[in-house]
Amino acid sequence: MKKSASIPARKRTIKAAASALRKTPPKKAPACPIVGIGASAGGLEALVQFLGHVPMNSGMAYVIVQHLDPTQKGMMPELLQRATTMKVMQVADRTKVQPDCVYVIPPNSDMSVLRGVLHLLIPVESRGLRLPIDFFFRSLAEDLREQSVGIILSGMGSDGTLGLRAIKEKAGIVLVQDPTSAKFDAMPRSVIDAGLADIVASAEDLPDKLMAYRRYLPHLAKAELHLEEKVQSALEKIVILLRAHSGHDFTLYRRSTLYRRVERRMGIHHVGKISGYVRYLQENPQELGILFKELLIGVTNFFRDKTAWEQMATKALPLLLKDRPAGSILRAWVAGCSTGEEAYSLAMVFKETLKHLKSTDNISLQIYATDLDKDAIDKARLGIFPENIVADVSPARLTRFFVKEEGGYRVNKEIRSMVVFAPQNLIMDPPFTKLDILSCRNLLIYLTPELQRKLFPLFHYSLNPGGVLFLGSAESIGSFTHLFTALALKERIFQRNETAMPGSHLDFPAVYVPAHTSRQESQLAARLPIPSLQSLADQMLQKRYAPSAVLVNHHGDILYISGKTGKFLEPAAGKANWNVIAMAHDGLRNELSSALQKVIRKKGTVTVHGIKLGPQADTRAVDIMVEAVEEPKELFGRILIVFTETAVRAGLEPGTEKGKATGTSGARQRELQNELKHARDEVQAGREEMQTSQEELKSMNEELQSTNEELQSTNEEIMTSKEEMQSLNEELQTVNAELQAKLDELSGTNNDMKNLLNSTDIATVFLDNDLHVRRFTLQAKTIIKFIATDVGRPITDLASDLLYPGLVKDTHEVLRTLVFSERAIATQNGRWFTVRIMPYRTVDNRIDGVVITFADITAAKKVEAGLREQHRQMTEHADEQNIALGKALGKAKGSRAAAPRKKSKS
């Protein structure tokens with residue numbers, strides 16, 4: 001009574017809350033929108049260009065996060081103040097953000113934002129790889145959600161990419177400097193390659209793009225949660241266009257999320273009305289592809305919600321491994337895996353759990369990771385991730401499960417071999433079954449509650465008894481507590497219950513396309529008239545006076561019961577059986593079985609009258625009508641059985657003893673005649689069935705003989721094919737061994753070549769015929785600013801220290817004449833190199849590019865310069881000696897000439 005009494009009160013509370021929510025004005029955008037800007041190497045120039053083009057009174061605050069030397073005093077505010085009229089200041093702890101101001105992160109600090117206030121934190125890592133841009137962008141996404149704006153300018157590395165993923169997840173906007181205009185393009189390219197960039201432009205053009213986007217936001221923000229009919233119609237048209245473009249149906253995608261994603265694209269393209277955006281989609285098919293990617297929301301990272309993974313390692317996995325026989329293989333399915341971080345995280349936690357439990361039973365885990373986005377699956381298969389994963393992956397895990405590569409990390413073979421990636425539509429495609437773990441995290445929140453209710457029974461069906469369901473932090477099992485028990489409720493880890501799930505509760509596929517949205521249904525329900533007196537009377541008559549009936553399939557299994565059938569049917573003892581013949585009363589079973597068989601064979605309708613249900617003294621009887629249903633088409637193939645109760649008629653009036661005797665005798669005679677007729681009908685039916693069976697057996701025998709001959713022929717062909725396959729297998733094994741040997745040889749040669757090139761200390765660059773970079777040595781990085789992603793790029797696009805404007809011309813001349821070129825070239829920092837350009841010849845003497853070597857001759861040039869200086873000094877010294885000697889000789893001649901004159905005078 002208490003529970004029932006509390007329900008009206010609870011309803012009143014809910015209605016009051018809903019009314020209050022309707023009266024509450026929609027949440028406005030923050031009074032001061034915050035623009036997060038990340039930059040690194042070469043960022044000062046880009047920041048000056050950006051701030052120099054920000055208009056006055058833009059109404060936004062600009063927070064700049066840079067990689068700064070923690071030991072040096074920050075000079076960035078003074079340098080940026082020269083480029084803008086806005087006030088530029090260095091952030092102090094708990095700084096309140098104001099519009100039309102620029103805030104710069106101080107050195108040796110991490111920064112976050114909470115309700116428009118900037119907070120400074122001491123970095124965990126004082127030195128080494130730190131990711132302040134990712135840290136701030138994630139905080140900005142959580143604080144401003146769909147109002148967040150993230151901008152990446154020039155810089156090295158990949159800091160900012162993970163933070164921008166968080167902004168995209170919250171439906172914020174991402175702007176990126178065009179890599180061709182960036183002094184260092186690694187950070188912008190990392191964002192673009194991750195598919196996160198909404199707008200790509202030069203640093204000077206980004207402010208205008210941002211202002212145009214912000215101008216459209218006030219118009220778009222007027223849309224309420226309950227969308228108008230025109231907006232609903234436009235969204236349905238967008239869903240139709242997406243389905244035609246991608247083959248995937250977003251009908252049951254959560255409408256609010258769908259509309260927010262459409263809003264973002266409208267703002268980017270400066271479209272004010274959603275009907276205009278529908279037109280834009282029709283005219284620009286490439287926008288459909290971008291919107292499709294936008295709706296997939298491929299946002300993830302390693303060990304998301306770390307406490308949940310800790311519970312998985314300490315509770316769920318030990319429970320699954322307990323009493324598991326040696327050599328067992330656990331099966332896991334990660335639905336909506338995006339670029340693979342979730343699947344690889346599960347593999348790593350499983351390996352750590354095995355090590356912690358000190359298991360020696362050789363138990364393994366096979367993970368099936370699926371996603372709708374084929375591009376994301378391709379990235380996941382590579383298993384290569386940027387350096388900034390250090391924010392989510394501990395150093396111990398990096399050392400154990402990853403291999404360091406230039407510019408990032410690759411998962412090792414042990415982890416990669418545990419995961420199989422495949423594209424799959426969770427809604428339309430069949431599920432994986434016999435699973436021990438099913439991880440579907442942060443996917444259900446984007447689907448309607450209607451579809452979620454269909455997916456949970458599907459998950460229950462897919463899991464083995466005791467299997468584990470792993471959901472996201474914002475998801476729950478709802479009303480399906482009878483299917484799953486919480487292992488860790490807060491972390492959303494559940495275990496499958498042993499509950500009977502009838503097959504009729506499962507939908508394959510799980511999708512169900514409603515004719516109207518839930519709001520439309522509620523509106524239609526509100527418009528339905530109150531039932532009339534006529535309809536209520538019809539319902540009462542149908543309930544009380546309509547004959548009892550059952551609807552069965554061709555096996556006699558009951559599908560539907562109408563009216564009270566207890567007088568004619570009752571459950572049989574033992575295991576539950578819903579077959580109508582098994583449930584029929586004894587006096588009814590034979591007649592019902594015979595009539596049902598006739599209808600199954602000949603269709604039409606069969607009626608049997610006056611079947612007695614009880615002892616001879618009982619006056620109750622029943623008429624049955626068995627009919628094959630033709631219409632409506634939904635019931636085609638079903639059989640309707642109708643029971644009508646009647647009274648037994650006597651042959652004479654029971655007024656006298658003779659009448660009684662005669663009536664009893666006549667009734668007995670009719671009963672015997674009916675039984676005889678029934679027996680004859682059964683014999684006739686048996687004969688017809690026997691004849692039909694004999695004909696079918698003869699036909700089947702002939703078919704079996706023919707099939708036997710075909711099988712014998714096929715067997716001979718298979719034996720021949722088997723011998724051929726064995727021979728082919730031996731050949732393949734031989735070829736495989738040869739290829740393996742060649743591969744080992746090639747790998748060894750490649751290692752030798754790499755070590756040889758590095759040991760010569762000569763910088764070498766290999767170009768193809770179009771002067772695109774094919775390979776380069778480590779020493780070449782000291783001359784030309786190479787990074788790992790430069791392979792395939794034109795040499796002309798790369799920054800170089802060489803004072804050699806004629807490099808391209810000389811390279812083309814070498815390709816034309818096939819004569820090598822050699823020059824001594826200086827660099828900007830005073831070094832000298834002998835640049836030798838030679839044709840690249842293949843084994844078959846074909847020219848396939850050029851090889852450029854850079855021999856460092858700086859020491860030789862210094863020696864040459866020293867020798868020249870010594871030669872100059874010696875020459876000057878010899879000249880001075882010659883002059884002095886000339887003077888001495890002149891004096892000596894003068895003295896000799898004077899001596900004879902003295903003698904002559906004397």
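Predicted model: local features only at pLDDT ≥ 70, side-chain atom pairs only at ≥ 80, totals over all residues.
Figure 1. On the helix side, the buried set consists of Leu451, Gln452, Leu455, Phe456, Pro457, Leu458, Phe459, His460 and Ser462.

**Figure 2. Span of helix H17, residues 449-462.** The helix has 14 residues. From its first C-alpha to its last, H17 reaches 20 Å, close to the 20 Å expected at 1.5 Å a residue. An α-helix has 3.6 residues a turn, so residues three or four places apart point the same way. Buried residues of H17 include Leu451, Leu455, Leu458 and Ser462.

**Figure 3. A nonpolar surface patch made by Leu44, Val48, Met75 and Leu79.** The patch covers about 290 Å². One of its residues, Leu79, lies in helix H3, which runs over residues 76-81. Leu79 has a relative accessibility of 31% and therefore counts as partly exposed, because that class lies between the cut-offs of under 20% for buried and over 50% for exposed.

**Figure 4. The whole protein, as context for the close-ups.** The protein holds 24 helices and 30 strands. Its residues number 906, and 39% of them count as buried. The accessible surface comes to about 52,600 Å², with 55% of this belonging to carbon and sulfur atoms. Among contacts between residues at least 6 apart in sequence, 63% join residues at least 24 apart.

Key
Residues numbered from 1 in each chain as written. Heavy atoms only, no water. Helix = DSSP H or I, 4+ residues; strand = E, 2+ residues; numbered from the N terminus. Expected span 1.5 Å × (residues − 1). Buried < 20%, exposed > 50% of the residue type's maximum accessible area, 1.4 Å probe, protein only. Patch = residues over 30% accessible without salt bridge, like charges linked within 9 Å, V, L, I, M, F, W, Y side chains within 5 Å. Areas by Shrake-Rupley, 256 points an atom, 1.4 Å probe, with all protein chains shown as cover. Salt bridge = Lys/Arg side-chain N within 4 Å of Asp/Glu carboxyl O. Contact = heavy atoms within 4.5 Å.
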